[in-house]
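Open the structure in your viewer and keep the selection panel at hand. The tour visits a pair of helices, then another pair, then the ligand.

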Amino acid sequence: MTNQSQFPEGFLWGGAIAANQAEGSYLADGKGLTNVDLLPAGEKRRAMMEGKVDSFTLNHENFYPSHDAIDFYHHYKEDIALFAEMGFKAFRLSISWARIFPNGDDEQPNEAGLAFYDRVFDELRKHGIEPVVTIAHFDVPVSLIERFGSWKSRKLVDLFETYARTIFERYQGKVKYWMTFNEINMLLHLPFMGAGIVLQEDEDRNQALYQAAHHQLLASAKAVKAAREMMPEAQIGCMLAAGMNYPYSCNPEDVWKGMDKDRESFFFIDVQSRGTYPGYAKRFFKENNIDIQMEDGDLELLKENTVDYIGFSYYSSRCASTDPEVLKNQTSGNVFGSVRNPYTKVSEWGWTIDPKGFRITANQLWDRYQKPLFVVENGLGAVDTPETDGTIQDDYRIAYLRAHFKEMLEAIEDGVEIIGYTSWGPIDIVSASTGEMKKRYGYIYVDRNNDGSGTLQRSKKKSFDWYKEVIETNGASLEKE
Ligand code: BG6
């Protein structure tokens, strides 16, 4: 890092959560059931997330972590006060579609649901914190899944537009930064968790998923169009689960495979940001007999309604190889498994830790799209054990974040335009992939265990004051460490 390095003035430091991982109150005040509410903790979770779902009713033998989560629904004032104490400039949260339209296509929105987010946005504004809103963070009303097959059906495009227009109408003036679908590329990996899609055994997976992707891309473009019409001041972005695929070796076959794997994710953003289906996708469709059903006007809609900025999550880089021996050595990392990189460490959950990969990925996205980037998720999921005096000495988290912040600054020095950084789970929340509470990302500890026991009491970890100083000095405190 050079002496001159600094984060831009007005950099949006903060944190990010999702409705279903934090709010709890899963049926309160008229909210409808969602796909995520059906995901139990434990062994059955993974298969369901992947699309193997045989029932849409709750089974009382299961424990469902989203049902109570950390009860942000009732604790939001206290939690926002703590974020304000850390000096947050921005806070990313999602609106639960089923709080606003419990069945997804109700005649009238649910006033109690709308009023809840009014209270949250007002509280944020009171503390001078800019809300950053994800319109859909994985959740889909179960009623739409049962009746239409979720995003497999084109019906969802217009229903999503109605939902988006409803919240734009209500919250314009309170919310400037919007994002359409969280980690839109998750649809290919965990179709039920990411998009409410159930796959039958005899179904053509690619056909079903890319058709659903087309519907989400249309819905995203319609939301962008509506935002432009209704809120000229707003900024609306997309959101990618990012992390470059390195070629495992310089064998051109590995290099090509890495590029190909990256394109599997870039496909979505290429459409959302550049406005056209890329040539490599058309070739993939042709070679795999994928026939995307489109209607007149679809391509124009996509072309004319591209996003303002690129939101992304970065947890890990990945490795691609064509060598069967190398392929045996796999590791996880934000859901997409990858070949284990011998040069990097992994977290307790096997996720690759690669701060330099953050700089590389940010440069890669900037070079490709030339639009402002917003880092809307990053962090370390780790086990925190309170000391006998109740304090939590999470030096490992500080080390992870410090290394990533330094690389983010390097990327900014490289000329990459980054408008903000919201770390994942600034307060401990339920893990999306495992349903555990034990996998904690927060600066704020929540007394809640995997089985739902605990007082829900909030307390500050060591990283709380550390992040506070980073924000207070706009990153200058990193220089002295
Ligand atoms: C991202 C999601 O994939 O990673 C979040 O957008 C999720 O919802 C985060 O929580 C971290 O993953 P996990 O499985 O550790 O909670």
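A crossing is left-handed if the near helix is turned anticlockwise from the far one by less than a right angle, and right-handed if clockwise. Helices here are DSSP runs (H or I, at least four residues), numbered from the N terminus. This is a predicted model, where local features need pLDDT of at least 70, side-chain atom pairs count only at pLDDT 80 or more, and totals for chains, interfaces and linings use all residues. Residues are numbered from 1 along each chain as its sequence is written, and side-chain values use heavy atoms, without hydrogens or water.

Select residues 111–126, helix α5, and residues 155–171, helix α7. Their axes (lines fitted to C-alpha atoms over the stretch in contact, with angles from 0 to 180 degrees between N-to-C directions) come within 11 Å and cross at roughly 45°. α5 is therefore oblique to α7 (under 35 degrees is roughly parallel, over 145 roughly antiparallel, 65 to 115 roughly perpendicular, the rest oblique). The crossing of α5 past α7 is right-handed.

Next, select helix α15 (residues 395–413) and helix α16 (residues 462–472). The axes lie 9 Å apart, at about 25°, so α15 runs roughly parallel to α16. α15 also passes α16 in a right-handed crossing.

Now select the ligand. For the side chain of Q21, the corresponding distance is 2.7 Å.

Note on methods: Polar contact = N/O pair within 3.5 Å; in protein donor to acceptor, adjacent residues only side chain to side chain. Helix = DSSP H or I, 4+ residues; strand = E, 2+ residues; numbered from the N terminus.
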